Amino acid sequence: MEKKHILPVASMAMIILLFSFLLLPQLTFAADTTTVNQQIEHQQSNEPATHAAQGEIKEEHNLGSELPLWTVIPFIGILLSIAIFPLVAPKFWHHHFPKVSAAWALVFAIPFLIAYKMIAFESILHIYLIDYIPFIILLWGLFTIAGGIYVRGTMQGTPPVNLLLILIGTLLASWIGTTGAAMVMIRPLLRANKHRKHKVHLVIFFIFLVANIGGSLTPLGDPPLFLGFLHGVSFFWTLHLLPEMSFVAGILLVVLFLMDSYYYQQDKQYMPVSTEKEPIKIEGAFNFLFLLGVILGVIFSGIAHLGHFTVFGVHMTVQNVVRDFWIILMGLFSLKLTPREVREGNEFDWFPIKEVAYLFAGIFMTIIPALAILQAGEHGALAGLIRAVKEPWHYFWITGSLSSFLDNAPTYLTFFNSALGKLGIHETELRAAFAAGTVAEQFPEFIKYLTAISTGAVFMGANTYIGNAPNFMVKSIAEESGVAMPSFFGYMIKFSIPFLIPTFILSSIIFLR
């Protein structure tokens with residue numbers, strides 16, 4: 001081994017050993033839990049599969065209640081790496097970010113496996129089979145299909161044109177998903193502004209509006225709302241979030257227009273004078289059919305019940321596997337049928353999806369303890385925080401803050417169930433009330449909580465690059481197009497904190513009193 005490789009390998013080994021030592025007190029719990037689980041499995045071997053699923057939920061609950069808060073250190077470490085390395089060592093990061101991601105994943109995974117054995121193995125397998133692989137398949141499918149839709153023609157990035165493009169994306173987000181809308185609209189926006197010097201703000205506000213806030217009006221828009229739909233919230237109830245969405249989006253669109261108008265005056269000298277104008281037309285428009293196919297596949301997986309099976313203790317549903325293969329098929333059809341010239345016109349490149357796949361492979365591994373602790377609720381290390389959530393605005397800010405860094409779907413579900421339990425409402429009662437159209441009359445207080453939880457989970461995904469699936473994809477695509485995007489913390493300090501947080505404060509004062 002070369003000398004230059006010895007130090008990082010030795011350092012990682014030391015960190016793993018330290019983490020293993022700190023987890024040693026958990027070994028007794030892990031052994032006891034494994035024994036209990038084996039007894040439960042033996043007792044339930046002839047019972048329905050639903051009982052086995054309940055046993056799995058119980059096991060996850062025990063894990064979340066036992067893990068100390070410091071087990072999230074590798075998760076914080078990978079976030080700091082994403083934030084700092086591109087600034088202090090950009091060349092190293094560009095060539096070695098997959099290794100950094102893998103290193104942080106191993107720092108958590110090896111001690112976790114040593115301490116918890118089969119419980120850890122099943123937890124890791126669960127997050128990759130149930131969360132990471134479907135997540136990457138969906139992103140890959142939308143990225144591939146959207147890359148085959150090329151808007152050709154002369155489109156100059158003036159403030160009105162930019163405002164219109166981002167407004168269209170914002171409106172599309174609730175119907176084709178934030179990821180779908182972002183992948184379809186980001187390239188036309190970048191191409192319209194390719195000659196402008198100041199365009200970072202356009203990509204940032206695109207992330208704010210198209211990749212996040214625009215997806216708040218239907219369950220198709222964002223995963224937390226789809227999860228709510230699966231748990232009894234009617235499909236069109238989220239349209240009641242239109243006032244909140246319009247208020248937040250309206251403020252941001254006005255700020256965007258004023259900011260873009262200011263920068264446009266400075267950029268005019270860089271804009272080429274074109275005498276010939278090519279009419280705007282869409283090439284590869286048939287890819288919209290494949291995009292619709294992906295959306296229908298997601299809906300199918302939510303409403304169909306085709307049975308389930310188990311892979312090394314992880315319960316998987318047939319409809320979800322069908323959905324994933326269907327999305328892959330849609331992407332392959334797009335690759336096969338879209339002319340190469342169309343993708344070349346889009347400057348299509350696989351690097352953005354590779355970057356997301358590598359980095360999120362590490363993020364999903366290291367996020368396991370954070371999600372387990374959160375899902376443990378009042379029995380976990382965040383018990384005090386969970387108990388402190390009482391008012392609607394509390395739900396908005398705690399759901400939103402956690403959704404800025406963690407997966408917003410389980411965060412939404414945690415506080416959704418917390419609100420039900422707080423009011424003594426059973427999910428079957430809620431389903432019946434939504435079906436009868438009387439939920440506002442029967443459970444007015446829960447509706448306030450649900451509004452806060454829904455808007456917090458969707459809106460505040462815009463606070464960071466990892467708050468929602470398309471954020472990092474948009475950043476990567478923009479960087480491939482030559483846009484110097486801010487760092488992880490730069491995004492927050494320069495943009496999300498000064499622009500989003502005051503807007504969210506106003507929204508919570510007006511709508512969540």
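Select Glu479 and Lys475 to begin, and you will find their side chains meeting in a salt bridge at 3.0 Å, N to O, a salt bridge being a side-chain nitrogen of Lys or Arg within 4 Å of a carboxyl oxygen of Asp or Glu. This is a predicted model, in which local features need pLDDT of at least 70 and side-chain atom pairs count only at pLDDT 80 or more, while totals for chains, interfaces and linings use all residues. Residues are numbered from 1 along each chain as its sequence is written, and side-chain values use heavy atoms, with hydrogens and water left out.

Stay with this pair and show helix α23 (residues 469-480), where Glu479 and Lys475 are 4 residues apart and are therefore separated by about one helical turn; helices (H or I, at least four residues) and strands (E, at least two) are DSSP runs, numbered from the N terminus. Lys475 counts as buried because its relative accessibility is 10%, whereas Glu479, at 31%, counts as partly exposed. Here buried means under 20% relative accessible area, exposed over 50%, and partly exposed in between, with a 1.4 Å probe and protein chains only.

The structure holds 39 aromatic pairs, and Phe360 and Phe364 form a tilted one, with 6.3 Å from centre to centre and 55° between the planes. Rings of Phe, Tyr and Trp (its six-membered ring) pair if their centres lie within 6.5 Å, and planes under 30 degrees apart count as stacked, over 60 as edge-to-face and the rest as tilted. Phe360 is buried, with a relative accessible area of 6%, and Phe364 is buried as well, at 10%. Tyr465 and Phe472 form an edge-to-face pair, 6.2 Å centre to centre with 75° between the planes, and both of these residues are buried.

For the next stop, select Arg152 and Glu283, whose side chains meet in a salt bridge at 2.5 Å, N to O. Arg152 lies in strand β1 (residues 150-152) and Glu283 in strand β2 (residues 281-283), so the pair ties together parts that are 131 residues apart in sequence. Arg152 counts as partly exposed, at 23% relative accessibility.

Move on to Asp267 and Arg196, which form a salt bridge whose closest N and O atoms are 3.1 Å apart. Asp267 lies in helix α11 (residues 242-267) and Arg196 in the loop between α8 (178-192) and α9, so this pair ties together parts that are 71 residues apart in sequence. Both residues are buried, and Arg196, Asp260 and Asp267 are linked in a network of salt bridges.

Finish at Leu202, which is found in helix α9 (residues 200-209) and counts as buried, at 1% relative accessibility. Which residues does Leu202 contact, leaving aside its neighbours within four places in sequence? They are Asn162, Ile166, Leu189, Asn193, Arg196, Leu256 and Asp260, where contact means heavy atoms within 4.5 Å.
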